[in-house]
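Reader: I would like a close look at a single part of this model, in one connected account. Please give the cut-offs behind the terms as you go.

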Amino acid sequence: MYWVSVVTEAGIFAILALGLDVVWGWAGDFDLMFYGYLALGSYMTMVLTIGKPIPPVQYIIGWRLPYPLALLLAVLVVVALAAVIGAIALRNLREIYFAVTTLSAVTALYLLVENYTPLFDGYNGVYGLINPGQTALNLTYNGYRIVFLAVVLVLLALIYLLVERLSASPFGRMLRSVREDEHAAAAYGRSVFWAKYRAYLFGAALAGLAGGLFAVFISAFNPSAWTPQELLVIYAAILVGGRGNPRGVIAGVFVVYIGFIELTRFLPSPASRPEFGPAMRQILIGLLIILMLKFRPEGLFRERLNVDGRRGRRLGGAGVPASAGEPTGAAAVSGQADAKEPDARERSPQ
Amino acid sequence: MSTFLVSVGIGLATAAILALSAVAFTLEYAVSRVANFAHGELLTIGAYAAYTGQRFFHQNVAAAALVAAVAGCAAGLVMNAALIEQFRGRSAITVFIATLGASLVLQNVLEIIYGAANVSYSFAQGGLHHIGPFLWTTSNIEVILSALAVAGLIYLLLQRTKFGKAVRAVSQNRELAQVSGIPARRVVMGTWALAGAIAGFAGFTLADTIGTFGPQLGFSFLLLTITAAVAGGIGRPYATLGGALLVGLVIQVAGTYTNSAYQLVWAFGLLVLLMLFRPNGLFVRKSATAVRA
């Protein structure tokens, strides 16, 4: 059962990472708000399914909806919040300004949830979503967990196929051209804001879905479960797997989650220093991010671009033509650039 | 004695610490073109160094402050050499993500060394003083005076010395400064040492003012620092002082009239407004506002 739980968690975070990769990997927006969307999805799923609060516990709504309907509504709420944040942050702000704005937004959300108890009961958080549908399906506890794992993996597979299709679609190519050179893409008639905005909402929807699944996985949710820094693990996973490559992203999440959970089990954690294990884990995540950026920014699996329906052409160095003075947007769309310099796309066109 | 003026007084003390931290942040940005997300950890390192130092120097506040500044200076040098210089020539966002990783590493290294629980100094805060309409503790006054002194010294250093001239040249264009015979690498190193020392000292004053602190001290102060730096205009040391004053006053006054837990929310509201409407800072002439990062 230990492995069932590890793989379930990795599967949920793979869905989250696929969403984040659309925002960061394709559209190029380094979003720090993203874990907030998972949290909101989780909270909303809870308060829509667990019924009225019993004082002194307090939270909003308190309906008893069937789980799938609650999940759908939760995703809609998350997308609504992303629509507001994205409308503000994506309009003019890019790169570091965008990152700082989204970090501010997630910190504000965190402070609000933590301190304003009528919302989600502040620091205590909400709990009580225990295996929705277990009695209806007539399953044992362990049996339910295995079925839930299967549900997560099926969803992950469906989302993977959807994302792969999107990646090869004109929409996916447009996002990449916008990422490589906004001005060139705009000159070719693309609406930069709309492209980024739609990618942002799509990513947030996946985060909300992952949040709803996460609610079932841990059955309780409070502010200690979602410090904004958790998001760095997802970024590390995307960096390891290969930014912009859905298959690589999923591989990266499984490698980082399972690798780190397994590795850190062997770290000594003396009873007098309970913080040692988790702290070491964070240090390793931080080092992993720095080393991947330094030595292999394209990840284990390089970004691929499907051109004219043919599979397997590599994009990798779409930034190269920028230095040659040619509009990159066009290059990314027609896919003529082959991988020459591994980190060419890291360089921003001056 | 009105509540408003008391909160303005506390706001000035906050602004003084913020000014120190934001000036260091902006100096780092000026020479290396990096929004250093691990800047908060320089403050935390300074605070913890003073905590270790007070065991040897007991009630000597000046010695503790010096220890904090020296530790911050060393940390700044190491950060520049081991991290920032390694990523030279890479895009701003890549370096930013790398510093985010470094921040995570440093925070947890400090947690392993000093434990996750909060610690506190044993310095006396001194009595309360009525100065004009304001109400300050002795250490509040010391913080404000030392911030003014540091600001004055930075002004003299940047405007009146050869080193300052070199810093200004490198911050305008590192390559051009290099070919003009300025040892750019050494100037950048020196600037990081200076910024680290200021940040370490700021960390000590912050920890002393708050009372207790943990490994997250600097990280939680980072967003305020960035807000102050953006308000002034990132990379402009003098304007940053004005930005710090504005942010310090806004959060204290707003925090006094609303739940103080939401102080940071006000700062972020201000930050978002600033970035949307004045991304290059408040104190920039209209003609200079066209450029965007």
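Author: What follows takes the contact between the two chains as its part, and then the chains behind it.

The model is predicted, so local features need a pLDDT of at least 70 and side-chain atom pairs count only at pLDDT 80 or more, while totals for chains, interfaces and linings use all residues. Residues are numbered from 1 along each chain as its sequence is written, and chains are lettered from A and ligands numbered from 1 in the order in which they are written. For the complex, the predictor gives an ipTM of 0.83 and a pTM of 0.82.

Between the chains, 33 residues of chain A are in contact with 36 residues of chain B; contact means that the C-beta atoms, placed from the backbone, lie within 7 Å. On the chain B side, α4 (92-114), α9 (217-232) and α11 (263-277) each supply at least two residues. Helices here are DSSP runs of H or I with at least four residues, strands are runs of E with at least two, and both are numbered from the N terminus. The largest share of that side comes from α4(B), with 15 residues. By type, the side of chain B that touches chain A divides into 27 nonpolar, 7 polar and 2 charged residues. In this count Ala, Val, Leu, Ile, Met, Phe, Trp, Tyr, Cys and Pro are nonpolar, Asp, Glu, Lys and Arg are charged, and the others, Gly among them, are polar.

Leaving aside neighbours within four places in sequence, I289(A) is in contact with L232(A), Y235(A), A236(A) and L239(A) in its own chain, and with I97(B), A98(B) and G101(B) across the boundary. I289(A) and A19(B) touch the most other members of the largest nonpolar core, which has 207 residues. Such a core is a set of buried Ala, Val, Leu, Ile, Met, Phe, Trp, Tyr and Cys residues joined through C-beta atoms within 7 Å. A residue is buried with 20 or more other C-beta atoms within 10 Å of its own, exposed with 12 or fewer, and partly exposed in between. Helix α1 (residues 3-32) of chain B gives the most to this core, 16 residues.

The second residue, L93(A), sits in the loop between α3 (67-92) and α4 (95-115) of chain A. L93(A) counts as buried because 21 other C-beta atoms lie within 10 Å. Beyond neighbours within four places in sequence, L93(A) is in contact with F98(A), T101(A) and, in the other chain, M275(B). D29(A) is 64 residues away from L93(A) along the chain, and their C-alpha atoms are separated by 9.7 Å.

Chain B has 11 helices and 4 strands, with 54% of its 293 residues buried. Its C-alpha atoms fill a box of roughly 55 × 45 × 35 Å along the principal axes.

As for confidence, chain B averages a pLDDT of 84, with 95% of the residues scoring at least 70; pLDDT is the predictor's confidence in each residue, from 0 to 100. Over residues 286-293 of chain B the pLDDT is below 50, and this stretch has 9 contacts in the model beyond near neighbours in sequence.

Technical notes: Contact = placed C-beta atoms within 7 Å.
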